[in-house]
Each structure stands twice: as C-alpha cells, then as structure tokens.
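Here are a few exercises to work through with the model open beside you. Try each task before you read its solution.

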Amino acid sequence: MTNQDRRPDEARLDQTLRRLQYILPLGIVAAVSVYAFVSMFFLQTRLDAWARLGIEILIFGGLGAGIAWFALRRVRQDLAAQRERDRAARVQEHILAAITANSGDAIILLDNDNKIQSWNRGAELLFGYHAAEIVGKDFETFVPPDLQDELSYLDRQLQEQGVVRGWITRRLTRDGNQPTVDLTRTLLRDDQNQVIGSSAILRDITEREANARRVRELNRQLETQVAQRTRELAESNKELRKRQRELEDANAELQELDTLKSEFVSLVSHELRAPLTNVSGSLELLLADTDSLTAHQRELLTLANDQLARLARLVRGILNVSRIEAGQTLLQMQAFDITALVERMCSQWQFCDPDHTYRADIVGNLPSVWADRDRIEEVLTNLLENAFKYSDPGTEIRVRAETRENEMWITVNDHGKGIDAQDLQRIFDKFYRTERGDARQTYGHGLGLYISIKLVEAMGGRLWAESEQGAETTFYFALPLAGHASIASSSGAAN
Ligand code: ADP
C-alpha cells in the first residue's frame, strides 16, 4: 500500500476522533441540563427522593460511561482496521522489494544528484560490482566516454516528462565490456510531490540486438538474392522471348518452304507423270511386237519397263503425300462390303505371287463399313505388298476381317523377319525404312505406311502394327461401321 492510499484512512480516524471530542461533552451537558430542568419543575414534586436518586445514578453514571464505551469501541475498531491495512501494505512492500532485489533487470535508485542509493542483484550481474562497492557512486561511472553527453540529455527529458522509456544505449561494465541496454528512467516523488530522486531500470539486450542484426543482415542478403534472381529471370525471359520470336520466324520460314516444296513436288510429279505414261505406253507397244525383237532386246525392254513402273509408283506416292499434306485428298465416303474387297484382293495377289499362300479369313456375316473404297484398296495394297516383300516365300499371308465394338478390324499378318520395338514406333514416319540385317534387297521408299495411316485416319479409323521379331508381323486397321461413323469422318475431306 502506498502513502497516498494510507492518507485517507488516517484522515478518517482523525475526523472520527475530532467529532467525538465535541459530541461527547456536548451530549453529556445537554443530557444533564435536560434532566436538571425536568427534575426542578416536575420530578421533585412528584417522585420521592429514592426514585430521583435512581434516575440521577442512571443519568450521571450510566449515560457518560455508555457514551464513553461506544466512543472508545469505535476508535478501537478504526485502529484495528488501520493496523490491518498497514500490515497488508508491509507485506506488499516486502514482495515488491524481493521482486526488485532479485529481478534479472538492473534496478538502481538514484538521489537528486544522480548518486546511487540502491543496487539490486540484476545490477550486480550486469555491471559486475557489489552493492556495497557502488552505493554513493555517480551514475555517470557506467556511461562510456563517447556517450557522456547522453546523460545530461536524459536528465533534461526526465525532468520535463517524468519518465524516459525504451532508450537503447550502451553502458560500461567492470570488465570493460559495453553491453547494449534498454534503459527506463522514472522520476520519484514523496507524499508532498517533492522529487526525491529517480530510478533507472536497465535490461541487457545485447543478444537480442545481435539476433536482430543477424536477422536484418539475412533479410538484406535475401533481398539481394531475390533481386539478383529477379534480374536473372527477367534476363532469361527476355532471352526466351527472343528465342521464341526466332523460332516463330523459323517456323514461318519453314511453313513457307514447305508450301513451296509441296507446290514444287506436285508440279514436278505432274510434269513427270505424262512423259512416264507415254514412255510406258511406247515400251508396252514395243514389247507387244514379238517377231522383230531379239531375246536380248526383249530382256532390256522388260527391265526398262520394270524400272519405269517403279518410277511411276514413286511419283504416285509423292503426289499422294503432297496432296495429303496440303489437305487436298478428296474422299468418296460410302457404305460398302469390305469382305468382297478382301476376298478379291487375296485372289489377285495369289495369282500374281504363287510363292506365298494368301488366305482371306472372314469372321461371320460382316456389316458394311463407312469409308472410301478406292483408298481402302490402296491401304490394303500397301500392306499386302509389304507382307509380300518382307516375308519368306512358302509362308502364309492372312487377311482377316471381323467386327469389334462397332468397328471393322482388318488384320494383315505375315511370317517374316518382323520389326523390332524401336522401329515399330517409326515405320509410319515419312520416308522411314528399317535397316535390314539380312541380305535381301527390297525395293521401297518408306512412303507406303505413311500414306496408309494418313488415309485411314482421314476416314475416322486407326492403323497400328504388332510384331514378333523373327516370327511374324501383323498390321491392323480399324474402320467405322456404316451407321456408326462420326459426322467428322463422313464429311469427305482428308485433312
Ligand atoms: P517401304 O516402301 O520401304 O516398304 P513402307 O512405309 O511401306 O515403306 O514401310 C516402311 C518400313 O517398314 C519398311 O521399310 C520396312 O522396313 C518396314 N515394314 C513394313 N511392313 C513390314 C512387314 N510386313 N514386315 C517387316 N517390316 C515391314
């Protein structure tokens, strides 16, 4: 409890005593006067001496004593309350003193001349001096030489504002260290509001400050790195945009070249086709003349005719590819019976190539497909030609037709050297031919499968292959059934 708390209690006691000081004598005088008056006019005539004596004893003996008893009781109660409050205040002061003495912060009491009056355990730990060595010394003792000006400034602040809080500074310890401290100074006043000194509370924040400095340094490094990375990103973004522009330009150039190439190929192929047909017709005519040709001449003409046929096939293939790539392949989509086509083609191939056995395997009664009949014949021709070229004489080449989940599956299977897994991924690429390990020379340009897959896909179908090396190869193509074809595939143009 503070002095200010105690003051109202003392005042109250003082006031009670002062009231009693007047009330008691006045009360007794008033009571006696009333009795004397009443006794003189009424009691003396009406009551006998014994009765009056009784009343007087009651008034003079009892009244005074009773009032004195009540007054003393009141004073005693007030004193007891006062004692209880004093005791509580002492306990609180004790606790406060214990807290102050053992606080981790340095708590120092200074008089008006800034001389140290008291010095707690926290101050001993911070500065390295015992209280006995330091009491009476100047507070300046702990201010580093370069901060001497600070003291007078702080004193001025203290006088003006009564308190200085959170002042971060340094102080000098016994062993010459200068820890960073958080200083709070408070002006102390007595009951009469007279300044009797000041307190200084110092908290060692050296470590906290060092941590904060480290965090600031890390932040700075981080910001530098982020800025650096941002710059690098911006740079690489710029580079990427440049590359993208270059790629776009190159792409546009390539597209232009591609168009030029397609136009050129188409032109050349067209220009080649007419003379080829003419030369072929002439050769056929010459060969038809059986009488005038010697055996050697006939052999040479037949060779020339074969080579011409190959050239014509290549020109046809290239023309096909350029049409497909230009999206100019017109499809005549229709519903037709593919089983008849399969059977016819197998018979034709069997007729031309007696070394293999061609078998048409039609599974059940098959519905019609939705496709371009001529293009399907072209695809089948490519697959049968490959089966013929890449399988061994004496083996079987089987063409199977069956329906599977609303699709017509056509399978061309042969027993040849097969295709390895790596090549299987690439045989549908334009001009791709596998390296053959055997000595057999097969004629081709790597266009047949490329043209076939493009045509099948344009008709809304799929084409793929499976192979077991050294055993067999199977090409599959799936076509939509008539009535199940999608609108896109029935539009009629291959893109
Ligand atoms: P090519 O005119 O060379 O036959 P294709 O596009 O028809 O061109 O075939 C590409 C390549 O796929 C061929 O060179 C061949 O190596 C391989 N190939 C195609 N069909 C078969 C098959 N039935 N058996 C083994 N290899 C095949």
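**Exercise 1. Find how S1 and S2 pair, and say what happens in their hairpin.**

Step 1: strand S1 (residues 106-110) and S2 run antiparallel, joined by three bridges. Before going on, note that this is a predicted model, in which local features need pLDDT of at least 70, side-chain atom pairs count only at pLDDT 80 or more, and totals for chains, interfaces and linings use all residues. Residues are numbered from 1 along each chain as its sequence is written. Helices (H or I, at least four residues) and strands (E, at least two) are DSSP runs, numbered from the N terminus, and two strands pair if DSSP finds at least two bridges between them.

Step 2: pick out Leu 109, whose bridge partner in S2 is Ser 118.

Step 3: look at the turn. The hairpin has five residues between the strands, and Asn 114 takes a positive phi near 60° there.

**Exercise 2. Describe how H11 packs against H9 and against H7.**

Step 1: start with H9, whose axis comes within 9 Å of that of H11 and crosses it at roughly 145°. Residues making this contact include Glu 378, Asn 382 and Asn 386 of H9, and Leu 449, Ser 452 and Leu 455 of H11. By class, the contact of H9 with H11 has six nonpolar, four polar and three charged residues. (Ala, Val, Leu, Ile, Met, Phe, Trp, Tyr, Cys and Pro count as nonpolar, Asp, Glu, Lys and Arg as charged, and the others, Gly among them, as polar.)

Step 2: turn to helix H7 (residues 295-325), where the axes come within 10 Å and cross at roughly 35°. Gly 317, Asn 320, Val 321 and Ile 324 of H7 meet Tyr 450, Ile 451 and Lys 454 of H11.

**Exercise 3. Which helices each supply at least two residues of the shell around the ligand?**

Step 1: list the shell. There are 19 residues around the ligand, and the closest are Asn 386, Tyr 390, Gly 444, Gly 448 and Leu 449. A residue is near a molecule if its C-beta atom, placed from the backbone, lies within 6 Å of it.

Step 2: assign them. Helix H9 (373-390) and helix H11 (448-458) each supply at least two, and the largest share, four residues, comes from H9.

Step 3: sort the shell by class, which gives eight nonpolar, nine polar and two charged residues.

Key. Axes are lines fitted to C-alpha atoms, for helices over the stretch in contact, and angles run from 0 to 180 degrees between N-to-C directions. Two residues are in contact if their C-beta atoms, placed from the backbone, lie within 7 Å.
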